[in-house]
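This briefing is intended for a reader who is meeting the structure for the first time. Please keep the sequence and the three-dimensional view at hand while reading the points that follow.

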Amino acid sequence: MTQTAVQSWSLGLTLHLVLAVALHQGFATVAPPTVAPTTAAPHKDPSSPERGNYVVSNNGTACLLASMGLQLNISFSSLSQNKTVQEVVNIQPTATNSSGSCKSDIATLMLTTDAQKTNLTFSFTLNSTSNKYHLSNVSLSAAWPDMKDPVSVRNNSLDYLRGSLGFSYMCREKQTLDVVQTVSINIIQVQVQPFGLTGSQFGAAEECQLDEDDMLIPIIVGAALAGLVVIVLLAYLIGRKRSHAGYQTI
């Protein structure tokens with residue numbers, strides 16, 4: 001094999017491998033499409049929700065901190081359209097009041113917005129044996145003008161936002177918390193700590209799996225490209241050596 005042939009073979013192999021890596025990255029980062037409920041009317045999603053900061057205090061001392069953007073997905077029977085519709089509504093931090101309570105193993109954050117027409121409650125549970133906590137309960141009540149009947153839902157068997165005592169849970173990526181079939185909550189850029197606060201600051205953050213996966217993809221692609229460089233260099237050196245040996249034989 002001549003040096004020119006080896007270099008052509010190396011270039012072809014490089015192009016094929018680069019294309020494979022690019023396709024792999026594309027498939028890894030594109031989320032599967034979501035299917036809207038067949039009973040819901042088409043709707044236009046609002047922009048990304050604004051991130052709000054919420055504090056629950058116990059005797060003047062902060063016992064729960066939360067910073068997050070919240071977006072409600074609610075299906076309900078519409079008075080004006082006389083059918084089931086799906087609304088996507090952002091929680092506006094500046095128009096939201098926060099309250100709650102803290103106990104040794106249960107911490108609750110209650111958000112009231114839209115002139116008390118929307119009430120959203122998050123409850124966290126701490127396992128005193130493992131010193132792990134999670135979001136275990138979410139309840140929502142909404143009485144909007146276009147609702148034929150008010151919406152009131154609750155789920156006390158959830159397992160979201162898992163963290164450790166003394167640490168905050170953090171996730172930059174968007175997550176969807178499924179409460180019931182007709183209600184879900186998009187939570188964006190969340191950092192929350194319901195237990196083990198020291199002062200009024202978040203403890204060290206434990207990042208979610210979504211963030212870790214997002215950071216892993218560039219590392220994999222970089223390693224693959226580095227491997228391609230090594231392969232091309234080796235092929236070039238081998239071709240050059242064979243070409244040089246051919247000249248000596250002649």
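P49 is buried, with a relative accessible area of 10%. This residue belongs to a predicted model, and P49 lies in the loop between α1 (3-29) and β1.

**Two buried residues and their surroundings**

- P49 counts as buried because its relative accessible area of 10% falls under the 20% limit.
- Leaving aside neighbours within four places in sequence, P49 is in contact with G69, L70, Q71, N90 and I188.
- The C-alpha atoms of P49 and I91 are 6.8 Å apart in space, although 42 residues separate P49 and I91 in sequence.
- V151 lies in strand β8, which covers residues 151-155.
- With a relative accessibility of 11%, V151 also counts as buried.
- Once neighbours within four places in sequence are left aside, the contacts of V151 are I74, F76, L140, S141, A142 and V183.
- One of these contacts, V183, is 32 residues from V151 along the chain, with a C-alpha separation of 9.3 Å.

**The chain as a whole**

- The chain contains two helices and 13 strands.
- Of its 250 residues, 37% count as buried.
- Among contacts between residues at least 6 apart in sequence, 57% join residues at least 24 apart.

**Confidence of the prediction**

- The mean pLDDT of the chain is 82, and 70% of the residues reach 70 or more.
- Over residues 26-32, however, the pLDDT is below 50, and this stretch has two contacts in the model beyond near neighbours in sequence.
- Residues 213-217 likewise have a pLDDT under 50, and the model gives them five contacts beyond four places in sequence.
- Where pLDDT is low, the predicted coordinates should not be read in detail.

**The cavity**

- How many cavities of 30 Å³ or more does the structure hold? The count comes to one.
- The largest cavity has a volume of about 30 Å³.
- Its lining consists of A66, M68, L109, F122, F124, L161, V190 and V192.
- Strands β2 (61-78), β6 (118-127) and β12 (183-193) each supply at least two residues of this lining.
- By class, the lining has eight nonpolar residues, with no polar and no charged residues.

**Salt bridges**

- Side chains of opposite charge can pair when their charged atoms come close.
- The structure holds two salt bridges.
- D159 is partly exposed, with a relative accessible area of 42%, whereas R162 counts as exposed at 55%.
- R162 is placed in the exposed class because its value of 55% is over the 50% limit.
- In another salt bridge, E207 pairs with R172, and the closest N and O atoms are 3.1 Å apart.
- E207 counts as partly exposed at 30% relative accessibility, and R172 is partly exposed with a relative accessible area of 47%.

**Backbone features in loops**

- N59 has a phi near 55 degrees, a positive value in a residue other than glycine.
- N59 is found in the loop between β1 (51-58) and β2.
- Is N59 buried or exposed? N59 is exposed, with a relative accessible area of 77%.
- N131 has a phi near 60 degrees, which is a positive value in a residue other than glycine.
- The position of N131 is in the loop between β6 and β7 (132-142).
- At 35% relative accessibility, N131 counts as partly exposed.

Definitions and conventions
Residues numbered from 1 in each chain as written. Predicted model: local features only at pLDDT ≥ 70, side-chain atom pairs only at ≥ 80, totals over all residues. Heavy atoms only, no water. Salt bridge = Lys/Arg side-chain N within 4 Å of Asp/Glu carboxyl O. Buried < 20%, exposed > 50% of the residue type's maximum accessible area, 1.4 Å probe, protein only. pLDDT = per-residue confidence, 0-100. Contact = heavy atoms within 4.5 Å. 1 Å grid on protein atoms, 1.4 Å probe; cavity = no way out; pocket = protein on both sides within 12 Å on 5 of 7 lines; lining within 4 Å. Points joined across faces, edges and corners; volume = space filled by probe spheres on them. Helix = DSSP H or I, 4+ residues; strand = E, 2+ residues; numbered from the N terminus. Nonpolar A, V, L, I, M, F, W, Y, C, P; charged D, E, K, R; others polar.
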